[in-house]
Amino acid sequence: MTESWANLGIDLHLEPAGPGLRKGLTDALREAVRSGRLAPGTRLPSSRTLAGDLGIARNTVADAYADLVAEGHLTARQGSGTRVAEQAGPASSVPRRQRPVRVPERVGPAHDLTPGTPDLSAFPRAAWLKAARRALTAGPNDAFGYGDPRGRPELRAALAEYLARVRGVAADPERIVVCAGVAHGLKLVTEVLAARGGHGGRQGPRTVAVETYGLRFHREWLAEEGVGTVPLPFDAEGTDPAGLDGERAVLLTPTHQFPMGGTLSPARRAAVVDWARRTGGLILEDDYDGEFRHDRRPVGALQGLAPDRVAYFGTASKALAPGLRLGWLVLPPALVDEVLAAKGYADTCGAPDQLTLAEFLTSGAYDRQVRLMRLRYRRRRDELVATLARRAPSVRVGGIAAGLHAVLLLPPGTESEVLRAAAWHGLGVQGLSWFRHPDAEAAGRPVPEGLVIGYGRPPDHAWQSALETLCRCLP
């Protein structure tokens, strides 16, 4: 007779010792309970299962269980099986597993307005769970193998449709590589560029042109592979590709420049594409905040203008949550095999989450979540602008047509003072200088002062308090 899965109980490691099997097993179980290795309420294996595991007679196990029930260490009830008693062991000893677990408190500011993270409390748990159930029910068995290094075909197909529809990306599923976020994708592409000894498939200086203001981790990933960075001029039209001088690759956030917030002008977009085609150069496009526009017309990805010259980076981190560790690359054909080699020819992102995201995209749940959060973030942005106009009129607010952050331009000479005040008040913010390329000042470019405020980060209940604290710190 085969026992049901529910009746098998837990796996249990025991080493009965002593002159008799019954006494040895009883002593081993008693010690496991007293030491806390078996926590109160733990359901033990059935006598048949444990006897089979230990290679002894079933009656021996049943007798040992009966002895410990009589001692008060175990309980046995019809239909409930044999369990560790709630008050097992001497009253003076607290079993190890009963002791309260101390979770380290997160060290950080009382109010966190640093950019780069959405409102994590808004993650659509119910919708994600529903999508996960559907995805796992319909998913093929081979989804739980090592998998295609490009990622699950269901997700790549869903991304191809979504990116073409929403971002204007020319995305053949065969050229999409699923990765663990933009940082992971950039690391893979950087390894390829470094291995080539130049860029874009041609020999040249080991440098990549970047924006004057940008994400520091972009430069750090490049530096780790021995690739230097050169800042390009920046003005009201965005980054100026006219500054490209011998570099074979350029890294841009053209849809919503981070952190300044502008959009690369049509003339500049055309100029950088012309540069790539003329020189064989490669454009690395981080589509930062591409989905969160507020009061401007949609701006398509640069990749749609030159799919063979642009490596496109996207992620679910802002629309859903960075903890999912799901991003994607849309690569020129010439880069696909080399990026897969850098990735290691094995899928490094969990198949269940990939299947769930594919279901989330194809069912329309992703679109609904983006629209919902777009409205929420726009309301916060409007509150930020209105409050600062009333409370800190000397501060100019920029970069707010899209995204989850704003740039507060401060009077000259006040950035350091405001950062000190923010630290005093327990407010997490970052100065504009944090994002400036270290060589930008040496090039004689203007150096504005300011703060980069992530208004998407606080949960709803903490937003007003964070905004009030911010106002206390400003001139």
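Analyst: The expected span of a helix is 1.5 Å times one less than its number of residues. Helices (H or I, at least four residues) and strands (E, at least two) are DSSP runs, numbered from the N terminus. This is a predicted model, in which local features need pLDDT of at least 70, side-chain atom pairs count only at pLDDT 80 or more, and totals for chains, interfaces and linings use all residues. Residues are numbered from 1 along each chain as its sequence is written, and side-chain values use heavy atoms, with hydrogens and water left out.

User: What span is expected for helix 5, and what does helix 5 reach?

Analyst: With 15 residues, helix 5 is expected to span 21 Å. From first C-alpha to last it reaches 20 Å, which is close to that value. Gly168, with a positive phi near 70°, follows helix 5.

User: Which residues of helix 5 are called buried, and what do they pack against?

Analyst: Buried means under 20% relative accessible area, exposed over 50%, and partly exposed in between (1.4 Å probe, protein chains only). In helix 5 the term buried applies to Leu155, Arg156, Ala158, Leu159, Ala160, Tyr162, Leu163 and Arg167. The buried residues of helix 5 pack against strand 4, strand 13, strand 14, helix 10 and helix 11, where contact means heavy atoms within 4.5 Å.

User: Why is Asp274 called partly exposed?

Analyst: Asp274 counts as partly exposed because its relative accessibility is 42%. Asp274 belongs to helix 8, residues 266-279.

User: What makes a space a pocket, and how much space lies in the largest pocket?

Analyst: On a 1 Å grid over the protein atoms alone, a pocket is an open set of points with protein on both sides within 12 Å along at least five of seven lines, whereas a cavity is a set where a 1.4 Å probe fits but cannot get out; lining residues have an atom within 4 Å of a point. Grid points are joined across faces, edges and corners, and a volume is the space filled by probe spheres set on the points. The largest pocket holds about 610 Å³. Its lining has 33 residues, and Gly116, Leu215, Phe217, Tyr288 and Lys318 are the closest to its centre.

User: Which element gives the most to the lining of the largest pocket?

Analyst: Strand 13 gives the most, with four residues.
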